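Here are my notes on the model you sent over. Have it open while you read.

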Amino acid sequence: MKKLVVSENEIQEVCKYLGRKISKDLAHESKPPLLLVVLKGAVNFAIDLSKNITIPVFMDYIQISSYSGRKSTGDIKLIHNLRFDIKDRVVLVVEDVIDTGVSMDYLIHHLYANYQPKKVLVCAMFDKINARKTTVRVDYAGKILTENDFLVGYGLDYNEFERNIPYVYIPTEEEIAHFDELSKK
């Protein structure tokens, strides 16, 4: 039996709520905001979230990496940079989970240092508030988690497995071992 953290229906309700809130909060911007999706984990969330945003927005992607298996390495690599001009534009970074905050802190500083956005806001499906190693403000959180469990599903992965599952759960050691075996094939 999977230890469910959030169901598919709950995810859709979160996306509706956040979409309405973001639409209201950013409705009066002179330039359409940019949804900056952090690859790969936030893709599912960004698609569902964007369907519920009723104001015009642009969308671009950025990819950073700091994970190996279930652990953050602390070493952040910029794999794919954004291509959109964000000068004087509100940027809403869409992320799957904020845990230590190190990657998001890096990303926010990268955007301000290189692109001169009007403002950078953060929207995360999950905010693991007790896992922080650095201070990061999450402007829109789908679900606040007090435990620092390793999660998979709905974009969250273990070595690329389970991104396609429409809900989020805590994998067992047996499931992790199974994914390890699958990755050898």
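Which residues does H110 touch, not counting residues up to four places away in sequence?

1. Contact here means heavy atoms within 4.5 Å. By that rule, and leaving out residues up to four places away in sequence, H110 touches I62, L78, N81 and Y115.

2. Some ground rules. This is a predicted model, where local features need pLDDT of at least 70, side-chain atom pairs count only at pLDDT 80 or more, and totals for chains, interfaces and linings use all residues. Residues are numbered from 1 along each chain as its sequence is written, and side-chain values use heavy atoms, with hydrogens and water left out.

3. Back to H110: its place is in helix α3 (residues 102–115). Helices (H or I, at least four residues) and strands (E, at least two) are DSSP runs, numbered from the N terminus. H110 counts as buried because its relative accessible area is 11%; buried means under 20%, exposed over 50% and partly exposed in between (1.4 Å probe, protein chains only).

4. Compare N164, in the loop between β7 (140–145) and β8 (168–170). N164 is exposed, since its relative accessibility is 63%. Its C-alpha lies 6.4 Å from that of G153, 11 residues apart in sequence.
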